[in-house]
Structure formats: structure tokens, C-alpha cells
Amino acid sequence: MPDTENLLHSLPPMLSGEKLKEALMILPEYDEIIRKEDPAARLLGLSDLYQIYVPSLISTEIYSKLYLALIRSLQKKGTKLSIRQQNENAKGVHGQEYRGIIGGSDSFTIIGTSGIGKSSAISRAASLITANRILEIPEPYTKVIPCVTAQCPFDSSVKGMLLEILRKVDEALNSHYCENAVRARATTDMLIGSVSQVALNHIGLLVVDEIQNVVTSKNGKSLIGALTQLINNSGISICMVGTPECMPFFESAMQLARRSLGLQYGPMEYDEYFLHFCETLFQYQYVQHSSTIDPVIMEWLYEHSGGILSVVVSLIHDAQEIAILTGREILDLTALNDAYQQRMSLLHDYIRPGIVTGKQTSSSRKKKRALPTEKTETGNQGNACSLTELAKQAKRDQLDVVSLLKEHIIIEEVAV
């Protein structure tokens, strides 16, 4: 078993504050000369926008969470309990009854709206924590992968998840754990024992992405149960990453809620970070005519992205692409609006702006709708009245209640 102290000393030191932000930042090289190149070269260079990474509060919190979780996992390797657990896991590999001795380290979730940068933050944090290398200890010789990232299967298959973990380990260590498990036709119980053994020896932190897949699958609770057993039999930390749609699933039972405590994020606020993010992106212009970002464009970007950073990047990228292809060659509000209308139509119903600009450019569905209210303190005011009164009026006068409601509120009829 590895020497715990040597493992901990082989990790890069934990960063914080401005040093952490500088280390997380990714700004590709940019030379304005490229704006004089032919359209093909500029369109190819435009893809650099997707490489930009500007650290936010999300980035620093995820880095700290992952680093501390990795430390807790490494501290359990090389102890007497880990040796006893290794013997127990060997029984499970051979299909015998076994039990967890080492106990779980911890599990936690990172839940946030799709597109706000969860996966990017995890990837940047993991690369910074591990310095993109595997921890190697000479005496006794051991290899430990600091962070293994696996994706939750679309059908939440327990066996598929366990084989995916083994496959990821094989990719990093050039081993044959997955191949041997498939050849041996291992059962799910045997696989849990095998993966627990591999995790105990070679994995520091396990990140399971797309955990929201457990919500719509009948195997969801079985998969979470298997991950819990993996924690108890290996002592590693497990981070589950998903979207807010998995919250009701984890809240449905105490044992699930206890395993899902962690970080939660929504769309970005219209704050200093968002403004800085937009300013940074606007510095990477590949159109022939230069333009500057102003408060109107910033508000427009927030309104038409709903605070989702990936949508902001796509808007600025596609606006420049359209401007180059059409020959307009300028990044302005017209180009951005073209990108929003031509490329983002599938996202229109999901964008919820947090501010409204002076000139509303989005569709009427975003207008604040008046809802029927109960009587106010001064009685009925204007068209405001209670639903009860409307129902009584419709019954008394034999009117269509839907037609009556349309006189007071905006109603959208949807065919089902």
C-alpha cells in the first residue's frame, strides 16, 4: 500500500486568492493582424473563443472542494484499515460475501444550470490540482490517479457505470482491468468488489458527471446505492455533477439527501464578473472593422443569454461568423441579433432574462403578465378581481370561463 505522507507531499500546494485566479485563467494568444487575413483563416481563428476561461466564484469554490476531498481520500490510503479492506474486497472479486471496513470518505454534489461552466470549472480545477500527472510512489511502487471523471450512463446501468470507471483507469494506467472483467463475465456484485479494489489502490477522487440521468431511469436508486457501497468499500470521495432536475430525486429520501449535500449554482447575475467576462470576449475580434462593447450591448447579452455563459460565448462567436460570411465585417448589435434569431431559436423558450433593457428586443412571451389577484385592501382596482368571482360570474351569466379570463389575463392555449 502507498505511503500516505509521500502521496500528500507529491500534490501541488493548494492555491487561493489572486494566485488561484491567475492559475485558472486561460487566455489564448491573439494578434489583431489576423483581422487582415482571408475569411477562411479568420473563421478558423474564431474557434479560440471557446478556449477562453475566466475564473469566477464557481471556479474557486469547486477547486477548493475538489482539493480538500482529494486530501481526505489520500489520507485513508496506506493505513491498516485500508489493508483490511483490501482483503475484504478480494473476497468480493471472487463472488464471496464481503463488507466495508474502511468506511466512506464523503460524497457531494455540484448542481447547476446547464451551460454555466460546471464541467469546465471541474476540468480546470482537476488539471491544476494534479498538474496533469499521475502520482507515483517508488517505495512501495504505486500509481494513484488523483481525479477520475466518468459519465453516468443514460440508462443509469450499474454495470455500465462500473465498467466505465475501470475503462477510465485503464486509459490512465495502461492496465487491463475492464478487459479482464468483461472476459470473466463478472456479475454486478463482483464488479463492485473489483472497482472498490481498484479505487482503493489507484483512485483519489471520482467525479460522476451527468448524474441527472438517474432521475428518468428505473435504475437510478440502484446506481446511487452502488456508488454509496463503492464509497464505503474504498474510502474515496465521490463528486456527483448534474443539473437542477435531479434535485427532487435526491430530496425524495433521507439517505439520498445526505449523499447529495454540496454546491448549487444558478444562472449568473448581472454583476461585475459578467461585465468582465463580456469585455474579455469582445477583445477577441476577427471581423475587419473594430468595435467596442458598451452598456447597451452588455445588457443585450445578458437579456438574450439569461446569464448562461456558454450562450454568451456562442452569441459572440456566431455573430462574428455571420458577419464574416455575409461581408458586414463588424461585431455590433445587428450581428448579435442575427446570431440570436438564426442560431439560437431552440433556446428561446429556455432563456429567462434577469434584467430588461430600455428597448425590449425579445418576443412578447417575456413580458410580465398580469395575474388575477384577490381583492386588495381598497377593493377591486381596475381589472383586478379574484378567480372565485370570475367563476361565479361565468356560472351566473352562462359564459365561457376561458373567454372571461382572457379579458383579465394573457392566456396561451396549447394543443396537447
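Which residue forms a salt bridge with Glu179? Arg183 does, with the closest N and O atoms 2.7 Å apart. A salt bridge here means a side-chain nitrogen of Lys or Arg within 4 Å of a carboxyl oxygen of Asp or Glu.

Two ground rules. This is a predicted model: local features need pLDDT of at least 70, side-chain atom pairs count only at pLDDT 80 or more, and totals for chains, interfaces and linings use all residues. Residues are numbered from 1 along each chain as its sequence is written, and side-chain values use heavy atoms, leaving out hydrogens and water.

Back to the pair. Arg183 and Glu179 both sit in helix H8 (residues 177–183), four residues apart, about one turn of the helix. Helices are DSSP runs of H or I, at least four residues, numbered from the N terminus. Arg183 is exposed, at 56% relative accessibility. Glu179 is partly exposed, at 41%. The cut-offs: buried is under 20% relative accessible area, exposed is over 50%, partly exposed is in between, with a 1.4 Å probe and protein chains only.

The count comes to eight salt bridges. Take Arg42 and Glu329, at 2.8 Å, N to O. Arg42 lies in helix H3 (residues 39–45) and Glu329 in the loop between helix H15 (309–326) and helix H16 (333–343), so this pair ties together parts 287 residues apart in sequence. Arg42 and Glu329 are both buried.

Next, Asp318 and Arg343, 3.7 Å apart at the closest N and O atoms. Asp318 is buried, at 11%. Arg343 is partly exposed, at 36%.

Finally, a network: salt bridges link Glu164, Arg167 and Glu171.

Technical notes: Helices (H or I, at least four residues) and strands (E, at least two) are DSSP runs, numbered from the N terminus.
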